[in-house]
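Try each task on your own before reading its solution.

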Amino acid sequence: MMLKALLATTLLVSATVGAFAQAPAPQRGGTPEEQKACAPDVSRHCRQVMNDGDFVILGCLQANRAKISKKCDAVLKSHGQ
């Protein structure tokens, strides 16, 4: 009985890992124009977290608010940030 449960769990984990491996990478939020407005600021101030997802990047831009460009600041403000 224990062996059947272990085998079922192993198969479930293998199927789940396989599904994640085939999932497409998440796309960045915002319009192409918004991304273009903030791309230099992300490269300049948030390079270390560029691959950590939109919320981490947003937090970094907010932490560097005084340093980011007016264009990127306007994008953040237009989204209530």
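This is a predicted model: local features need pLDDT of at least 70, side-chain atom pairs count only at pLDDT 80 or more; totals for chains, interfaces and linings use all residues.

Residues are numbered from 1 along each chain as its sequence is written, and side-chain values use heavy atoms, with hydrogens and water left out.

**Exercise 1. The overall build**

Work out how many helices and strands the chain has.

Step 1: Use the rule that helices (H or I, at least four residues) and strands (E, at least two) are DSSP runs, numbered from the N terminus.

Step 2: Count them up, and you get four helices and zero strands. Reading along the sequence gives the pattern α-α-α-α.

Step 3: Now look at burial, where buried means under 20% relative accessible area, exposed over 50%, and partly exposed in between (1.4 Å probe, protein chains only). Buried residues account for 22% of the 81 residues in the chain.

Step 4: Finish with contacts, meaning heavy atoms within 4.5 Å. Take the contacts between residues at least 6 apart in sequence: 35% of these join residues at least 24 apart.

**Exercise 2. The disulfides**

Find which cysteines pair up, and work out the pairing in sequence order.

Step 1: Recall that a disulfide is a covalent bond between the sulfur atoms of two cysteines. The test used here is a pair of cysteine sulfur atoms within 2.5 Å, and the count comes to two disulfides.

Step 2: Start with Cys-38 and Cys-72, whose sulfur atoms sit 2.1 Å apart. The angle about their S-S bond is 105°, and the link is right-handed. Cys-38 belongs to helix H2 and Cys-72 to helix H4, so this pair ties together parts that are 34 residues apart in sequence. Both Cys-38 and Cys-72 are buried.

Step 3: Move on to Cys-46 and Cys-60, also a disulfide, with sulfur atoms 2.1 Å apart. Here the pair links distant parts of the chain, 14 residues apart: Cys-46 is in the loop between H2 and H3, and Cys-60 is in helix H3. The torsion about the S-S bond of Cys-46 and Cys-60 is about -100°, so this disulfide is left-handed.

Step 4: Check the burial of this pair. Cys-46 has a relative accessible area of 0%, so Cys-46 is buried. Cys-60 comes in at 9% relative accessibility, so Cys-60 counts as buried too.

Step 5: Number the bonded cysteines in sequence order, and the pairing reads 1-4, 2-3.

**Exercise 3. The nonpolar core**

Identify the members of the largest nonpolar core that touch the most other members.

Step 1: The largest core has 13 residues, and Val-42, Cys-46, Leu-61, Ile-68, Cys-72 and Leu-76 touch the most other members. At least two residues of this core come from each of H2, H3 and H4, with H3 giving the most, four residues.

**Exercise 4. A buried aspartate**

Is Asp-41 buried or exposed, and which residues does Asp-41 touch?

Step 2: Skip residues up to four places away in sequence, and Asp-41 touches Cys-46, Leu-61, Lys-67, Ile-68, Ser-69 and Cys-72.

Step 3: Check from the other side. Leaving aside neighbours within four places in sequence, Cys-72 is in contact with Ala-37, Cys-38, Asp-41 and Leu-61.

**Exercise 5. The largest pocket**

Describe the lining of the largest pocket, and say which residues lie nearest its centre.

Step 1: H2 gives the most, with six residues.

Step 2: Zoom in on Asp-54, which is in helix H3. At 34% relative accessibility, Asp-54 counts as partly exposed. Asp-54 and Gly-29 are 25 residues apart in sequence and 6.9 Å apart in space, C-alpha to C-alpha.

Key:
On a 1 Å grid over the protein atoms alone, a cavity is a set of points where a 1.4 Å probe fits but cannot get out, and a pocket is an open set with protein on both sides within 12 Å along at least five of seven lines; lining residues have an atom within 4 Å of a point. A nonpolar core is a set of buried Ala, Val, Leu, Ile, Met, Phe, Trp, Tyr and Cys residues joined through side-chain atoms within 4.5 Å.
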